[in-house]
Amino acid sequence: MQSLTQLATYNNAVWCDTICRSHNTLGEFHDDFWVCQQQTPIYYPNLVTLTPKANINLEHNALAEFLTTKREYGVSVKDSFAILDLAPFGFEQLFQAQWILREISGETASTRDTNLQWRQITSEKELLRWEEVWSQTSLSQNQLFLPTLLHDADICFIAAYKAKQIVAGAIANRTTGVVGISNVFTPEQEPEKYWEGLVSMIATCYPDLPIVGYEQDESLETTLRAGFTPLGPLSVWLK
């Protein structure tokens, strides 16, 4: 289970790094963590731990300045194993969540609504529409998910259309051994149905790879009903 969790944490760090790089913000991979010393795009952390052995302290030269320097913007840390205490560095715990796993073998059953059309987003116009539904905001600028991401074979933006309107979606990103699912949005009614559709689409895009991600609270309960299993806790800290 620990190896799957580490694959999930690495997958998530690669996704964070990909988003940062798409905005010309560079992160760095180290043995035990990924870190971005600059301000990251909204919702994305500055540091992700990659192993439960990650030693976050002032004696680590690569992290000492990051943890202690006062900045004009918020800095966040994703403690992928929920084992760190960052309060002494001035951080507050923002939330806790659970890594999740869905094994894929052969055909993936899906209770698809015949009124729904599942598609991969391939155009800049549809990507903008997708983000507007995800963010529940009308975007004229400051787009988070940039069109360059559409040309990466390891990334898939998924949408469910109903009456030509996007009603649900997620992002899948492939790394060694797993596919990550993130940025999920669904209607409040029958969310499991949409999760099953998302799983089926991901299995079509990236066959035979287990799906990993993390969720919390009601969304976590939904994923468990949709066939996911928990892998272990994580926590996010903010300063």
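The model is predicted, so to speak of local features a pLDDT of at least 70 is needed, side-chain atom pairs count only at pLDDT 80 or more, and totals for chains, interfaces and linings use all residues. Residues are numbered from 1 along each chain as its sequence is written, and side-chain values use heavy atoms, with hydrogens and water left out.

The protein chain holds five helices and eleven strands (DSSP runs numbered from the N terminus, with helices being H or I of at least four residues and strands E of at least two). Its radius of gyration is 18 Å, close to the 18 Å that the globule rule gives for 239 residues, so the chain is as compact as a globular protein of that length; the radius is taken over C-alpha atoms, and the rule is 2.2 Å times the number of residues to the power 0.38. Along the principal axes, the C-alpha trace spans about 55 × 40 × 30 Å. Buried residues account for 51% of the 239, where buried means under 20% relative accessible area, exposed over 50%, and partly exposed in between (1.4 Å probe, protein chains only). As for contacts (heavy atoms within 4.5 Å), 68% of those between residues at least 6 apart in sequence join residues at least 24 apart.

Turning to the sheet, eleven strands make up an open sheet with mixed pairing, in the order β1-β2-β3-β4-β11-β5-β10-β9-β8-β7-β6; two strands pair if DSSP finds at least two bridges between them. At the edges stand β1 (28-29) and β6 (116-120), each with a single partner strand, so one side of each is left without a neighbour in the sheet. Strand β5 (residues 92-102) runs antiparallel to β11 (residues 229-238), with nine bridges joining the two, and W99 has G232 of β11 as its bridge partner.

Past β5, the loop between β5 and β6 contains I104. I104 is buried, with a relative accessible area of 10%. Leaving aside neighbours within four places in sequence, I104 is in contact with V199, A203, D208, L209, P210 and I211. F157 is 53 residues from I104 along the chain, and their C-alpha atoms are separated by 19 Å.
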